[in-house]
Amino acid sequence: MTVDDSASGASASGPSGPGTPIGRDQHTPHHEVDHTVQPTADPLAIRLEQLILGAERRYTPFQAARSAGVSMELASRFWRAMGFADIGQARALTEADVLALRRLAGLVEAGLLSEPMAVQVARSTGQTTARLAEWQIDSFLEGLTEPPEPGMTRTEVTYPLVELLLPELEEFLVYVWRRQLAAATGRVVQVADDEEMVDRRLAVGFADLVGFTRLTRRLEEEELGELVESFETTAADLVAAYGGRLIKTLGDEVLYVADDAATAAEIALRLIETMEADAQMPELRVGIAFGTVTTRMGDVFGTTVNLASRLTSIAPKDAVLVDGAMAEELSRTGAAPVSEKEAEAEPDEGAAYRFALQPMWQRPVRGLGVVEPWSLTRRKRR
């Protein structure tokens with residue numbers, strides 16, 4: 001969302017040459033932003049855009065920024081953060097775009113958000129909804145817009161279908177967002193101190209399909225897509241059902257977190273057991289680490305995350321490896337015995353343990369030094 005110098009009344013022949021956008025960091029590599037992107041002029045695409053946005057194209061980027069009462073530089077930052085390409089001086093923006101800019105800028109002016117935080121809000125919202133929109137088009141609308149009768153074109157089907165679906169999908173999106181916001185807010189207010197609101201102690205789990213690279217060479221694209229979708233769907237359902245939070249999926253790998261060690265352990269073993277029961281699925285391996293985790297924009301970072309990933313890479317097929325901190329936390333909370341000898345010495349208390357831990361050989365882990373992984377299994381009832 002940029003504007004030419006000439007459009008703002010500045011000279012178009014400055015040191016950077018004609019057409020230099022206002023607000024552009026002159027050191028930004030040219031390949032990072034496509035300056036040639038122009039909005040489509042396809043009649044159906046324009047009609048669909050107007051239907052979805054509820055408004056017609058009226059403004060150039062400069063006009064939208066001026067109408068919203070924000071600088072062109074800030075408008076460009078918000079626009080790019082939301083994931084939209086620069087459009088030069090095309091008249092392609094609507095009242096909705098002006099209102100969005102005005103709202104974000106208003107939050108900054110009111111002191112509710114700092115400018116960097118407002119940009120983060122734009123970026124996190126843009127990234128999340130971009131993936132959602134792509135998924136809905138690829139997996140949902142693609143199939144539904146197949147012409148139901150011979151002679152009908154996809155064009156004749158798409159518009160009325162979107163017209164019917166739009167209000168329902170919008171209401172459902174707002175509902176799910178409010179539910180997720182309520183859950184996230186509840187977790188934050190229960191944190192013991194302010195520092196833990198960002199850097200928290202969590203159990204972090206990675207689950208990885210074994211031999212996925214070989215599968216990509218052997219399976220047809222459609223078969224591979226179905227396998228990945230089945231894996232991601234199964235993993236997402238299990239993580240949610242047992243009280244964890246799915247952070248992201250990476251095709252052959254999922255990353256999840258849980259507030260307590262026992263929840264993360266249960267999810268890991270359920271994943272293994274569920275995948276083992278499906279003959280079409282390859283083996284799975286899981287690594288879990290427990291410790292301080294930094295959260296940003298819905299993602300997690302830090303040494304604990306890296307360790308969980310490394311444990312996954314060295315785990316045997318259909319097995320779960322955990323780090324020492326995870327093993328200690330399971331023992332501390334009574335989910336697993338410190339040792340099997342201890343459990344056997346106290347048969348009544350031992351019956352309550354859910355998990356068994358077996359120390360493995362110490363080994364060097366790239367970037368993290370020497371670690372002692374523990375094998376996690378479900379404890380057999382006696």
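Helices (H or I, at least four residues) and strands (E, at least two) are DSSP runs, numbered from the N terminus. The structure is a predicted model, in which local features need pLDDT of at least 70, side-chain atom pairs count only at pLDDT 80 or more, and totals for chains, interfaces and linings use all residues. Residues are numbered from 1 along each chain as its sequence is written, and side-chain values use heavy atoms, with hydrogens and water left out.

Strand S10 spans residues 374–378 and contains Ser375. Ser375 counts as buried because its relative accessibility is 18%; buried means under 20% relative accessible area, exposed over 50%, and partly exposed in between (1.4 Å probe, protein chains only). Contacts (heavy atoms within 4.5 Å) were listed for Ser375 without residues up to four places away in sequence. Its partners are Val320, Leu321, Ala356, Leu357, Gln358 and Met360.

Helix H3 covers residues 72–81. Of its 10 residues, 7 are buried, so helix H3 is largely enclosed by the rest of the structure. The buried positions are Met72, Leu74, Ala75, Ser76, Phe78, Trp79 and Ala81.

Salt bridges were assigned where a side-chain nitrogen of Lys or Arg is within 4 Å of a carboxyl oxygen of Asp or Glu. The count comes to 13 salt bridges. One of them joins Asp86 to Arg80, with the closest N and O atoms 3.3 Å apart. Asp86 is buried, at 1% relative accessibility. Arg80 is partly exposed, with a relative accessible area of 25%.

A salt bridge also pairs Asp299 with Lys248. Here the closest N and O atoms are 3.1 Å apart. This pair links distant parts of the chain, 51 residues apart. Asp299 belongs to strand S5 (residues 299–301), and Lys248 to strand S2 (residues 245–249). Asp299 is buried, with a relative accessible area of 16%, whereas Lys248 is partly exposed at 28%.

Within helix H11 (residues 324–332), Arg332 and Glu329 are 3 residues apart, which means that about one helical turn separates them. An α-helix has 3.6 residues a turn, so residues three or four places apart point the same way. The side chains of Arg332 and Glu329 meet in a salt bridge (2.7 Å, N to O). Arg332 is exposed, at 61% relative accessibility. Glu329 is buried, at 13%. Elsewhere, salt bridges that share partners join Glu266, Arg270, Glu273, Arg354 and Arg378 into one network.

Charged surface patches were also identified. Patches are made of residues with over 30% relative accessible area and no salt bridge; like charges are joined within 9 Å, and nonpolar side chains (Val, Leu, Ile, Met, Phe, Trp, Tyr) within 5 Å. Lys and Arg count as positive and Asp and Glu as negative, while His and the chain ends are not counted. The place of a charge is taken as NZ of Lys, CZ of Arg, CG of Asp or CD of Glu.

Glu220, Glu221, Glu222, Glu223, Glu226 and Glu229 form a negative patch. Among them, Glu222 lies in helix H8 (residues 221–241). Glu222 is exposed, at 61% relative accessibility. A positive patch consists of Arg214, Arg217, Arg218 and Lys317. Arg214 is found in helix H7 (residues 212–218). Arg214 counts as exposed because its relative accessibility is 53%.

Key:
Accessible areas come from the Shrake-Rupley method with a 1.4 Å probe; for residues, only the protein chains shown count as cover.
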